[in-house]
Amino acid sequence: MKIPSRSHVHMLSYLLVLLLLPLLASSADPDSLQDFCVADQSASSISVNGYPCKPASKVTTDDFFFDGLTKVGDTSNIFGSSVTAGNVLSFPALNTLGISMNRVDLAAGGLNPPHTHPRATESGVVISGQVLVGFVTPGNVYHSKVLYAGQMFVIPRGLVHFQKNVGTGIALIVTAFNSQLPGAVVLPFNLFASTPTIPNDVLARAFQVEEKVIESIKPKFSS
Ligand code: GLV
Ligand code: MN
C-alpha cells in the first residue's frame with residue numbers, strides 16, 4: 001500500500017477544513033457540554049460567553065418553566081407593538097441550550113419596526129389576526145406575505161424584517177430563535193438614537209436628505 005506523503009496529508013487536512021467551514025458558519029449558539037446549565041445571573045463578577053451554571057443542587061423544577069409569554073404586551077407606544085422576550089435573561093434555564101422565544105403583540109395597525117437579530121435565525125407563527133411579514137435580503141430583494149392564524153414564516157439570520165398588523169383587531173405572533181440571546185438591532189433607534197448620536201451630516205448624506213430632516217427624526221426616538 002502506498003503511504004501518503006506529508007504534503008498529501010496537508011492537502012487533505014486543508015480540504016477537510018474547507019468542507020467543514022460552511023457547517024461552522026451556519027451554526028448558531030455553540031452546543032451545550034452538559035445536560036443543562038441554568039444561568040446563575042448573580043455570579044456577576046465572572047464574565048464568560050454565556051452565563052456560569054447554578055450549582056446542580058440549587059436547580060429546581062421551577063427553573064425549567066416560564067410564564068412570561070402568557071401576559072399580553074403593552075402596545076400603547078409610538079409603534080403600537082410590544083415584544084416580550086423569553087430569552088436567557090428572563091428564562092435562565094435557556095443558558096447554553098441555543099434557543100429562545102418571543103411574544104409579539106400588535107394593536108390594530110401596529111408595527112414591530114424593521115430590525116435584525118445578529119445572532120439568530122427567527123421563525124414565527126401567527127396565533128391570531130392578519131399580519132404582513134416582510135424581510136429584505138442582502139441583495140436588496142424584499143419578500144413579504146400577509147399571514148393568518150397558524151401560518152409560519154422564517155427570517156434568515158441577520159436580515160432586516162418587520163411585522164405589521166393589517167387586520168382590524170389585535171394580532172399575536174410567537175417567534176422562536178436558534179440562540180439563547182438573539183440580540184435585536186431596531187433600526188430607528190440604532191440609527192437615530194444611539195449614544196452618542198451619529199452626526200446629522202452623516203445620516204443626511206446617507207439618506208440623501210437635508211440635515212433638518214434628520215434633526216426632525218431624532219427626537220422621535222430619543223428616550
Ligand atoms: C419578531 O420579529 C421578533 O423578533 O420577535
Ligand atoms: Mn425579529
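Contact here means heavy atoms within 4.5 Å. The model shown is predicted, so that local features need pLDDT of at least 70 and side-chain atom pairs count only at pLDDT 80 or more, whereas totals for chains, interfaces and linings use all residues. Residues are numbered from 1 along each chain as its sequence is written, chains are lettered from A and ligands numbered from 1 in the order in which they are written, and side-chain values use heavy atoms, with hydrogens and water left out.

View 1. Leaving aside neighbours within four places in sequence, I173 is in contact with N102, R103, V104, L106, V125, V126, I127, V131, F153 and Q163. I173 also belongs to the largest nonpolar core, whose 12 residues are V104, L106, V126, V131, V133, F135, L147, F153, I155, L159, A171 and I173. At least two residues of this core come from each of β2 (100–106), β5 (131–136), β7 (152–155) and β9 (171–177), and β5 contributes the most, with three. A second, separate core has six residues, among them F79, F192, L203 and F221. A nonpolar core is a set of buried Ala, Val, Leu, Ile, Met, Phe, Trp, Tyr and Cys residues joined through side-chain atoms within 4.5 Å; buried means under 20% relative accessible area, exposed over 50%, and partly exposed in between (1.4 Å probe, protein chains only). Helices (H or I, at least four residues) and strands (E, at least two) are DSSP runs, numbered from the N terminus.

View 2. N102 is found in strand β2 and, with a relative accessible area of 11%, is buried. Not counting residues up to four places away in sequence, N102 touches L69, V83, T84, A85, G86, I173, V174, T175 and F177. The side chains of D105 and R103 meet in a salt bridge at 2.7 Å, N to O, the term denoting a side-chain nitrogen of Lys or Arg within 4 Å of a carboxyl oxygen of Asp or Glu. Both partners are buried, D105 at a relative accessible area of 6% and R103 at 9%.

**View 3. The disulfide between C37 and C53.** The structure has one disulfide, defined as a pair of cysteine sulfur atoms within 2.5 Å, and in the bond between C37 and C53 the sulfur atoms lie 2.1 Å apart. Both cysteines are in the loop between α1 and β1, 16 residues apart. Because the torsion about the S-S bond of C37 and C53 is about -100°, the disulfide is left-handed. C37 is buried, with a relative accessible area of 2%, whereas C53 is partly exposed, at 36%.

View 4. Of the three salt bridges in the structure, one joins D63 to K54, with the closest N and O atoms 3.0 Å apart. D63 counts as buried at 17% relative accessibility, while K54 is partly exposed, with a relative accessible area of 25%. Another salt bridge brings together the side chains of D67 and K71 (3.6 Å, N to O).

**View 5. A nonpolar surface patch.** F36, F64 and F65 make a nonpolar surface patch of about 300 Å². F65 lies in the loop between α1 (6–26) and β1 (81–86) and counts as exposed, at 59% relative accessibility. Patches are made of residues with over 30% relative accessible area and no salt bridge, like charges being joined within 9 Å and nonpolar side chains (Val, Leu, Ile, Met, Phe, Trp, Tyr) within 5 Å. Accessible areas come from the Shrake-Rupley method with a 1.4 Å probe, and for residues only the protein chains shown count as cover.
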